[in-house]
Amino acid sequence: MDELERELGPLEDVEDDDSSDNNSTKGRKKSNLPLVNPLCVETPKETGFHQSTRICLEQIREAMLHHRWQEAAEYMACYSQILEDSSRNTEQQYKELIWRISTEILHNHPNSKLEDYNIIYERMKHSGFRHYLMISLEHAFHLLLHGHIEDAKRQLSNQKTKLIQAYRSLLDYIIWCDKKFTHSNTDYPDSGDNQEMHNYFRQASVNLKEILKNPGVWDPFILCYVEMLEFYEDHEVALKVLNDYAYDDSFPPNPNAHVYLYQYLKRHDASERKLMQELKNLHVLVPSHELMLEYSSLLLQSDKKGDIQKALGVVLEMLDFACWRINLDVWKRLKAIIQKLHLQEDWKDVVSGEMAGRKDWWPALHFTSFHACKDSEENPELMEVKASLTKILCPDLMLKYTAERVTSGTWT
Amino acid sequence: MDDEHTAGYREPCTQCAAVDWGVSDEGRFYCRSCHNVIERTREVVDLTFTPGSSRITTISRGRRTKRPEQGRLWMICEGFQFILRNQANALLKLGVRPHFKDEVLWPLWRLYLQRSGQAYTNNPVRSCVFKMRGPDSDSVMSASETDGETNPSSTVGSNAESSSDWSLRSGSVDVTTYLTARLRRGRGLMNMKKCLALIHLALIWSCEPLTLSDLLRLVNEGHIPYVNAYEELPDEMKLDGRDGLIFRVESIPSHRVMHREAQTLLLFLQLPAFPPISRQSLLHPALLSLRYLTDANLPDELHPWVCQLMELAGMADETLHTLDAASCRVLPRYDVQTAAIIVITMKLMFGLDDHTEWDLSNEAGDHDDSGNMFNLRRWYRLTQAALTRAQQRRARDIARKQWKAKKPLYPSRLEKAVMMKKKRTAELVQACFEKLSSCPAGVQRSNMSSFRFCWGDEDGADGPSLHHKKLDGVVTLKKKVLSPSNSMYWHPALTRCHPRVCRSHYSEVEAILPRSFVWLLELFSFLLDVKPAYLYEEVLRVERRVFGSKAPRDGHTRRPETRTKTSTSARRRTGNGRNDVKNLPPKS
């Protein structure tokens, strides 16, 4: 009869069907707290079918949270009827739910076999369009993890989307790596194997070239591609690829691109100028990057006039970020820079120029008595270095960063 | 060729290849050229309900090989008739006497058909336009049935056009009329809930000891077909999507809804007085309470007190429980009333105000040398443990219940493909997990029992039995009369609210009610499978009867305020408001 009511509209004088007690009190204040799980909330006119599936879902959730996988599997067998629900708007929700919960149960249940996975993936894939690709991908990963690389490839083979293509080339790369490994371990390089390896390389590179034309973040694919190109000593192409990835404006700004380019250049003994150029670009994007330390050392070593000031700026910007606060290397570098700077006459101006914007908040960030206490306990060497710099960096301020022992455990 | 009789049969004769058929006197087809007689016979399907006869006369098709996709023309009420029959048979299998089905249910059904104008009447409800649905809309034919005699040849003739299409026909004939708003509003038409309500009325009439909550429990557990009952209809009755709107249900109605449905049906049928429910009947509170006391593991000694309270409330009278147009027009709710009486008895004996009962329990514990005294605390512990387990079992059964039919009904052809695909997916997922967990989906029902709990020493019992314990700890001898030691009785405001304005205030007051009382309500609501608020309202009703009635007997109830009494009797004098338990002159 519920369906009848839905189809033809409720009759006017139908009395309130058996709604929950909450509905009988009028004007009840609605809670302002966000609902945690809208799927498990009882709606006023819930049918018996919906009540059953709602409670089933709650039981599945309980079982999963407590790692009772056998119980979860039993309830899942009963829950699958939700897929036949004829109310329109929640179809997608349930399909996704079933897919994700099923795979989770299969991951953890002791008796799950690959066939079970295959069944679930195949079935859920074809049950709707929205999740088709996601499920395909997950299926492919799963097969990959279990060593069925060829099957994984087949899963993705007829997909046109970029992402799937990219992953397919990744699989080619993996196979290539595999072959390279076995190839390098044998004493007698088999030319047949070599040819196969090369085939995979070609397949992968064709696809990757296609992919990399499109703007996006393709970090893992770039690395694979570059590795393969390096192996075949195709440096020009590699450089071009990396440069395009880093400097193409249509691509989203990606600091990793610069990192990869830098690392490549370093590997191939590029000039210091080039390296510094790269790191400068990275510095603009991510001043707190760990490579900034290398950048500062390059600048320190260089003989150009303005570089030492640049170095100071770089290191100070690093220390602006709390993650470098207790890093001894950074502080040592700062000390080294200051020492080199001392050779210049205008070092005071340079320092005060750099510290101008920092006077207000640097002391609180680095030089409080709390830091003094902590550093003296945990890292005395750091304390020494920092202490020696306080006067230089903040000459006018009275800082409490001293090595005095704190008595009676109270903070001053 | 006499088309009229051969109904458009155009197969060439096997012997002479001519297409020239005639019908012999016996109704067999023969080839006019070579007089070859074939197996085919003339079929006549007479759909009229001739007044005065209650049989539908049909002559079967007569083909030797029955093609499975052939459908038969059928009406919705026929479908319900089959379902009713299946439900009744299920009840008979469970132990109900055949008298219920043969002498009560069928007459009630025929009465219903008559009152709703679907049969046994000169003016059937669909007399205006009787549309026969064919596969194409052209073959719409109207036949008026105001007179019982229709011209057989014209019927056959008009059937002739569509006879070859009958194999494609599915769905009932009059589903469109069933779905018109006018008729639905008239409340005469049958639906699954009403079917069950009819069974309920028949059970009461036959004085079978199945209460409404028992009936609903049987439906819930699948012993009586309800959800997907249409799957058991005969194969020739083909259903289509629109019939599904009427026959398919995805909920089992609650006690409250069923009671209302039954009440409506009762008024609609205008039944005469029911057979009386005597004190010996198992539906009467006197005996029904014994069953509930046993189920709740309460001592048998409590039963006389329950009966006394019953008398006090004026509910022992059998006329109260017997439906009668004159004296009792409202369908009694035997189960809920009895449970309410028991709750009030417990309140009387133990106070149930979160203090008295525990004090009494402590005393009982102190003075109990033989271990034979009933101790409320012990009872509470045992019952609470069993209740928690049973509630978990029930939740688990609800979660596991399978609702979808093996042969679903599709609203339209387009939807059919989609729904079949979904069904396939669901089945595969189910099979996968059934294999994985080695546990089939759905609920495994063990043996049926009227009781929810099992108390005793056997294996699998919910706990030790307390039925034989004595109530010495809570009753005292005063002036040679046994009365409860507890002398206080509390109750919330007993004024009645207008039923249309608000149904229950339980959710508001629940927080301030004593926890013992709330728990007791929970226990009995679990036993009956109703909501605690529902039971609470019934408790209030019975309390109104108790306090609104005349002076207490034997002085062993002290009423807290007298103003409660006057206000309720004032109400009764003006006679307003709906009252489930109708005002009766108090028994002297």
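Predicted model: local features only at pLDDT ≥ 70, side-chain atom pairs only at ≥ 80, totals over all residues.

Analyst: Two strands pair if DSSP finds at least two bridges between them.

User: What makes strand 4 (residues 475-478) of chain B and strand 5 (residues 481-484) of chain B a pair?

Analyst: Pairing asks for at least two bridges, and four bridges join strand 4 of chain B to strand 5 of chain B, so the two strands count as paired. They run antiparallel, and Val475(B) stands opposite Pro484(B) in strand 5. The hairpin that they form has two residues between the strands, and Lys479(B) takes a positive phi near 55° there.

User: Why is His200(B) called buried?

Analyst: The label requires under 20% relative accessible area, and His200(B) has 3% relative accessibility, so His200(B) counts as buried. His200(B) is found in helix 7 (residues 192-205) of chain B, and, leaving aside residues up to four places away in sequence, His200(B) touches Leu212(B), Leu215(B), Ala262(B) and Leu331(B).

User: Why is Cys207(B) called partly exposed?

Analyst: Its relative accessible area is 26%, and because partly exposed covers values between the 20% limit for buried and the 50% limit for exposed, Cys207(B) takes the label partly exposed. Cys207(B) is placed in the loop between helix 7 and helix 8 (212-220) of chain B. Not counting residues up to four places away in sequence, Cys207(B) touches Pro275(B), Pro276(B) and Ile277(B), and the C-alpha atoms of Cys207(B) and Leu282(B) are 7.9 Å apart, although 75 residues separate them in sequence.

User: How do you know which parts of chain B have the lowest and the highest confidence?

Analyst: The confidence score runs from 0 to 100, and on it helix 21 (residues 563-574) of chain B is lowest at a mean of 30, whereas helix 19 (residues 515-528) of chain B is highest at 96. Over residues 550-588 of chain B the pLDDT is below 50, and this stretch has 48 contacts in the model beyond near neighbours in sequence. Chain B as a whole averages a pLDDT of 76, with 74% of the residues at a score of at least 70.

User: What residues make up the lining of the largest cavity, by class?

Analyst: The lining divides into nine nonpolar, one polar and six charged residues. This cavity holds about 140 Å³ of space, and among its 16 lining residues the closest to its centre are Glu84(A), Arg248(B), Lys404(B), Pro408(B) and Met419(B).

Definitions and conventions:
Residues numbered from 1 in each chain as written. Chains lettered and ligands numbered in written order. Heavy atoms only, no water. pLDDT = per-residue confidence, 0-100. Contact = heavy atoms within 4.5 Å. Buried < 20%, exposed > 50% of the residue type's maximum accessible area, 1.4 Å probe, protein only. 1 Å grid on protein atoms, 1.4 Å probe; cavity = no way out; pocket = protein on both sides within 12 Å on 5 of 7 lines; lining within 4 Å. Points joined across faces, edges and corners; volume = space filled by probe spheres on them. Nonpolar A, V, L, I, M, F, W, Y, C, P; charged D, E, K, R; others polar.
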